[in-house]
Amino acid sequence: MMTRKGVSIFGYGYKKVSNLLLLLLIVVLFFVPQLAGKYPMYMAMHILILSVFALGFNLLLGYTGLLSFGQAGFYACGAYGCGKVLILIPSLLPGIISGVLFAGVTAVILGFLCIRHTRIYFAMLTLCFGMMIYSLAWKWHTMTGGDDGLVGIPRAPLEIPGIFSIDMSSLQNYYYFVLIVCLLAIGLLYRIVKSPFGLILQGIRDSESRVSFSGVSVKNYRLIAFTIGGLYAGLAGALLPPLENTVTPPLAHWTHSAEPVLATLLGGIHTFSGPVVGAFLFYVIKDVIVRFTEYWLICLGVIVLALVMGLPGGVVSIFEQKLIPWVRLRFAGRSLH
Amino acid sequence: MTELLRTENVRKSFGHLQALDGVDIHFNADALTSIIGPNGAGKTTLINLLTGSLGLDSGKIFFKGEEITKMPTHERVKRGIGRSFQIMNIFPMLTVFQNIQIPVLSLFNKSLKFFSRLDAHADVIAEVEKISRDVGLWDKRELPAGELSHGDQRLLEMGIAMSSQPELCFLDEPTSGMNPGERVKILENIRRLSKDKRTTFIIVEHDMDVVFGLSDRIVVMHRGKVIADGRPDEIKENENVREVYLGEELEEGLI
């Protein structure tokens, strides 16, 4: 973290350059429907959804020091909650909001039981609860549709009765909806990790007992972090049903919980942007490998393994530790003298 | 002198080992007290019980007249109890500045601010600056705490412990593993802070020069019991204490 300070690229501060790049990225994202076809748009939505999912997960792992293997459970809560409501009330906002809230409430309840433990015990508990949600989705036919899942979920219009109504049947409109919601969610989480609360979470990751000797209730803060992680998983899940029109039990399976884990490890756990970069790489790698073999997960696993062993800080750390100092040495060094 | 902390018949055992065997002790404000005793005497266990890191088997603990026997650590801290640890306990991945910022945020009741920026709280920033200057780590504020030297980490830990402005602060072997120069810095800090009369220190220490040089009062523990309690000159003359320490040395000599 400290290596960033005082770094200048082409005479500009690190902050300025990175803000500029961020702005550029957002502009490009807004022009994806015009510049590229339907498939990139569809991919971009999945990357955005996984980004939100993984960022919520990394609030737990990278910032609070808790490894959760049950995030897919909350993702499924969001997806089923949203799908169920959309079938009953064909309006986008109530669907998304109820999905997020359902996931949040579930996270508070399960979190209350999980945060009493840390490390492997916490991971195992979240895994168990996640799989319980999976079983419910699988067995509770009348509610979830069992192994068929929920089908025929409409991509309902975004409307507030009497004020406005935007049709979502075109993929492009829904893309903009997903993009804006995800950008807002990511921005909000950025504020949270840079706030006093965010610093306390990092303190808990570094030394739990020192934090309680600062007068802070570690359990309460862990529960709040867990709930935020659940809300973000829920939001990611809730954005899915209008896109795919179906929701099926595998969304809750623990192998799906591994997606944010892999994305976060790929990108890097100790940077805010790590999970987003990881989500992008996850889909790109998958997209490339799938063309050659259906066993793409093996290849992805090897890549992640190599990264974790050779580059524990993830891909983002290449930029921080190698690229920026190199650019500085190469270009900024001259202008200094 | 006002009484700060008092225990009534505190007991704690780990399996068959009776770590604390009915300890009645009280600490008054403004008296720097040292707790000494051979290894395994129960000194650190006593601190862990008093600060809420461990639960006790039986007995009661009172802080300023209020019973705190079952109170969780963070609430005891809010009431004015602090500590440093025998084994280094800092936030290694955070900067020196952030290390001190955490307890200060909690002290100023700002730890639950979700959406404000960290540097938006000028009062917190000013207080953190004051503490880091006091412990002599202002120049190193931007360094990750894990990269500091052992002595500086010790100083930082003391800074963290003091940031929550405790009325009563336990220091568990504050000078262990330090070189003489670093040791002087720590002792200066302790002297300066106890002169301010805001904090009463209770120190667990093995270095007898430190103990007899600093303390107003010395408590000697042995096998989970308090065997002597008094002014440094009284302790020097105490037969029981001599026996315990002499006995230890003899035993160690034989091995």
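What follows is a walk through a two-chain model, starting with chain B and ending inside chain A.

Before we start, keep in mind that this is a predicted model, so local features need pLDDT of at least 70 and side-chain atom pairs count only at pLDDT 80 or more, while totals for chains, interfaces and linings use all residues. Residues are numbered from 1 along each chain as its sequence is written, and chains are lettered from A, with ligands numbered from 1, in the order in which they are written.

Let's take chain B as a whole. Its secondary structure comes to 9 helices and 11 strands; these are DSSP runs numbered from the N terminus, with helices (H or I) of at least four residues and strands (E) of at least two. The C-alpha atoms fill a box of roughly 60 × 40 × 35 Å along the principal axes. For 255 residues, a compact globule would have a radius of gyration near 18 Å, and the 19 Å of chain B agrees with that. That radius is taken over C-alpha atoms, and the globule rule is 2.2 Å times the number of residues to the power 0.38. Of the 255 residues, 42% count as buried. Here buried stands for 20 or more other C-beta atoms within 10 Å of a residue's own, exposed for 12 or fewer, and partly exposed for anything in between, with C-beta atoms placed from the backbone. As for contacts in chain B with a separation of 6 or more, 67% of them join residues 24 or more positions apart; a contact needs the two C-beta atoms, placed from the backbone, to lie within 7 Å.

Now for the sheets. One is an open sheet of 6 strands in chain B, in the order E7-E8-E9-E4-E10-E11 and with mixed pairing. Two strands pair if DSSP finds at least two bridges between them. E7 and E11 (225–230) of chain B stand at the edges with a single partner strand each, so one side of each has no neighbour in the sheet. From one strand to the next, the twist averages 20 degrees. Inside this sheet, E8(B) and E9(B) (residues 200–204) pair in the parallel sense over 5 bridges, and Phe170(B) has Ile202(B) as its bridge partner in E9(B).

Elsewhere in chain B, strand E1 (residues 3–14) and strand E5 (residues 58–63) run antiparallel and are joined by 5 bridges; Lys60(B) in E5(B) is the bridge partner of Glu8(B). E5(B) also has 2 bridges to the antiparallel strand E6 (residues 66–67). These two strands, E5(B) and E6(B), form a hairpin with 2 residues between them, and Lys64(B) in the turn has a positive phi of about 50 degrees.

One residue of H5 (residues 150–163) is Asp152(B), which is partly exposed because 19 other C-beta atoms lie within 10 Å. Setting aside neighbours within four places in sequence, Asp152(B) touches Leu137(B) and Lys140(B).

Most residues other than glycine have a negative phi. Gln165(B), in the loop between H5 and E8 (168–172), has a positive phi of about 45 degrees although it is not a glycine. Glu173(B), in the loop between E8 and helix H6 (180–195) of chain B, also has a positive phi of about 45 degrees. Gln165(B) counts as partly exposed because it has 16 C-beta neighbours inside 10 Å, whereas Glu173(B) is buried, with 20.

How do the chains meet? In all, 34 residues of chain B are in contact with 23 residues of chain A. H3(B) gives the most to the chain B side, with 7 residues.

In H9 (residues 196–206) of chain A, 11 of 11 residues are buried, including Ile200(A). Ile200(A) is among the residues with the most contacts inside the largest nonpolar core, which has 151 residues. Such a core is a set of buried Ala, Val, Leu, Ile, Met, Phe, Trp, Tyr and Cys residues joined through C-beta atoms within 7 Å. H3(A) supplies the largest share, 16 residues.

Note on methods
Axes fitted to C-alpha atoms, helices over the stretch in contact; angles between N-to-C directions.
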